[in-house]
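Subject: Structure handover

Hello,

Here is the structure for your files. My notes on it follow below.

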Amino acid sequence: MKSILRGTSLLLVLAPFAAMAQVAKPKPEDTEVWSPAVPVVTPGKSETASPPSDAIVLFDGTSLDQWVNVKDGAAAGWTVADGIATVAKDKGNIQTRRSFGSYQLHLEYRIPANVTGTGQARGNSGLFLASTGAGDTGYELQILDSYKNDTYVNGQAGAVYKQFPPLANPVRKPGEWQSVDVVWDKPTFDAKGTLKTPAHVTAFINGVLVQDHVSLLGETLYIGKPSYKTYDRAPIKLQAHGDPSPPISYRNIWVRDLG
């Protein structure tokens, strides 16, 4: 009888550890959403918007002096020619010298006409609405070639990455310029760092609404569930994604700081 009791006790002791061993390790695919498909909308023809009188011009086609390299704070290092800035993937992400709270932002981007690859490996970049740390830390609005290019819907162009699919897919084909307009309402925190109000984002691609004042779940995570950490003002970041497709380009970037 004693041996049976000892065996039973051992099983009771080991059971929680066995259950823990069966818990699957989180994977990127756990937070990918593939359906329903986002409806395709054909946008209007104009994408250029001149900065208003109170805007801070972040890139006017002449230099990236308003930007620094995220890794070391040195010069941005991306290529500037013919009025456009092209991602230098070997240099990494860049972010603004200034920090912002809530704001209105405009930028234009172009996927190269000779883009290659599929899914997330095709014209991938990202607009980080608040860069709260190194690398890809922050809140990302996805930039990607989503012209006849299937991927998970919360990872296509205009998605709040891994959180909210866009309301529409209004992107133009590679080789054409696209516009992004964003209203960013920063999150707020109390004196103890507890979240008071979540971040909200409204966004348009090529004049078509893709995010309608959505309430974010926290910072962007590639794997796992998003969460918040305290910050007040932060730079705006552009991603040099490591996918093998040709690099994308940007132009006409300006922001209105709303406090």
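In which sense do S9 and S12 pair, and over how many bridges? S9 and S12 are antiparallel, with 6 bridges between them. Two strands count as paired if DSSP finds at least two bridges between them. Strands (E, at least two residues) are DSSP runs, numbered from the N terminus.

Before the rest, two notes on the source. This is a predicted model, in which local features need pLDDT of at least 70 and side-chain atom pairs count only at pLDDT 80 or more, while totals for chains, interfaces and linings use all residues. Residues are numbered from 1 along each chain as its sequence is written, and side-chain values use heavy atoms, with hydrogens and water left out.

Strands

S1 pairs with S15 in the antiparallel sense over 3 bridges, and Ile 56 stands opposite Val 255. S4 and S15 are joined by 2 bridges and run antiparallel, with Tyr 250 in S15 as the bridge partner of Ala 85.

There is also an open sheet of 5 strands in the order S2-S5-S14-S7-S8, with antiparallel pairing. Strand S2 (67-69) and strand S8 (138-143) each have a single partner strand and stand at the edges, so one side of each has no neighbour in the sheet. S7 (residues 125-131) is joined to S8 by 6 bridges; Ala 130 has Tyr 139 in S8 as its bridge partner.

Nonpolar core

The largest nonpolar core has 48 residues. A core here is a set of buried Ala, Val, Leu, Ile, Met, Phe, Trp, Tyr and Cys residues joined through side-chain atoms within 4.5 Å. Buried means under 20% relative accessible area, exposed over 50%, and partly exposed in between (1.4 Å probe, protein chains only). The residues with the most contacts inside this core are Leu 105, Leu 107, Tyr 109, Leu 127, Val 182, Trp 184 and Tyr 250. Strands that each supply at least two of its residues include S1, S6, S9 and S15. The largest share, 4 residues, comes from S6. In soluble globular proteins, nonpolar side chains tend to be buried together.

Two residues with their surroundings

Contact below means heavy atoms within 4.5 Å. Leaving aside its neighbours within four places in sequence, Trp 184 is in contact with, among others, Tyr 103, Leu 129, Ala 130, Tyr 139, His 200 and Tyr 231.

His 200 is in strand S12 and is buried, with a relative accessibility of 18%.

Salt bridges

The structure holds 6 salt bridges, each a side-chain nitrogen of Lys or Arg within 4 Å of a carboxyl oxygen of Asp or Glu.

- Lys 89 and Asp 243: the closest N and O atoms are 3.5 Å apart. Lys 89 lies in the loop between strand S4 (84-86) and strand S5 (94-96), and Asp 243 in the loop between strand S14 (237-238) and strand S15 (249-257), so the pair ties together parts 154 residues apart in sequence. Lys 89 is partly exposed at 26%, whereas Asp 243 is buried at 5%.
- Asp 145 and Arg 122: N to O is 2.6 Å. Asp 145 is in the loop between S8 and strand S9 (177-185) and Arg 122 in the loop between strand S6 (103-110) and S7, so parts 23 residues apart in sequence are tied together. Asp 145 is buried at 2%, and Arg 122 is buried at 18%.
- Lys 186 and Asp 232: N to O is 2.7 Å. Lys 186 is in the loop between S9 and strand S10 (188-189) and Asp 232 in the loop between strand S13 (208-215) and S14, 46 residues apart. Lys 186 is buried at 18% relative accessibility.

Regards
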